[in-house]
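User: I would like to learn how to read a helix, a core and a pocket from a model. Can we work through an example?

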Amino acid sequence: MLLVTLMDGISFFWDFTPQERVIFAEDDSFFSNYKAGEFIIHEGDDDDSLQIVIKGSVNITRTSAPDRVLVTL
């Protein structure tokens, strides 16, 4: 499974057992899809989630200058 293989390169998952990685990869509730232009999180929001970009890219901006991209991940 491609996602399980990708987890090998992400230090967050290094302490997971192989079985835990498979469980994570097969559970759709852990995944979200976003369309171009949608926000994942807004500056100042209280959020404790982990975001891992599997496909595509994410622009990082500031609320004070939303049209100025600070970095693209």
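Predicted model: local features only at pLDDT ≥ 70, side-chain atom pairs only at ≥ 80, totals over all residues.

User: Which residues of α2 are buried, and which are exposed?

Analyst: Helix α2 spans residues 18-26, and its buried residues are Arg 21, Phe 24 and Ala 25. They lie on the same side of α2, because the arc they cover around the axis is only 95°. Gln 19, Ile 23 and Glu 26, on the other side of α2, are exposed.

User: What covers the buried residues of α2?

Analyst: The cover includes α1, residues 2-7. Take Ala 25: beyond its neighbours within four places in sequence, it is in contact with Met 1, Leu 3, Val 4, Met 7 and Phe 31.

User: How many residues does the largest nonpolar core have?

Analyst: In soluble globular proteins, nonpolar side chains tend to be buried together. Here the largest nonpolar core has 6 residues: Leu 3, Val 4, Met 7, Phe 13, Phe 24 and Ala 25. Two elements, α1 and α2, each give two or more residues to this core, and α1 gives the most, with 3.

User: Which residues lie nearest the centre of the largest pocket?

Analyst: Tyr 34, Ile 40, Gln 51, Val 53 and Val 58 do, out of 39 lining residues. The elements that give two or more residues to the lining are α1 and β1 (59-60); α1 gives the most, with 3 residues. The pocket has a volume of about 1,400 Å³.

User: What is the make-up of that lining by class?

Analyst: The lining of the largest pocket has 23 nonpolar, 11 polar and 5 charged residues.

Technical notes:
Residues numbered from 1 in each chain as written. Heavy atoms only, no water. Buried < 20%, exposed > 50% of the residue type's maximum accessible area, 1.4 Å probe, protein only. Helix = DSSP H or I, 4+ residues; strand = E, 2+ residues; numbered from the N terminus. Arc of directions from axis to C-beta. Contact = heavy atoms within 4.5 Å. 1 Å grid on protein atoms, 1.4 Å probe; cavity = no way out; pocket = protein on both sides within 12 Å on 5 of 7 lines; lining within 4 Å. Points joined across faces, edges and corners; volume = space filled by probe spheres on them. Nonpolar A, V, L, I, M, F, W, Y, C, P; charged D, E, K, R; others polar. Core = buried A, V, L, I, M, F, W, Y, C linked by side-chain atoms within 4.5 Å.
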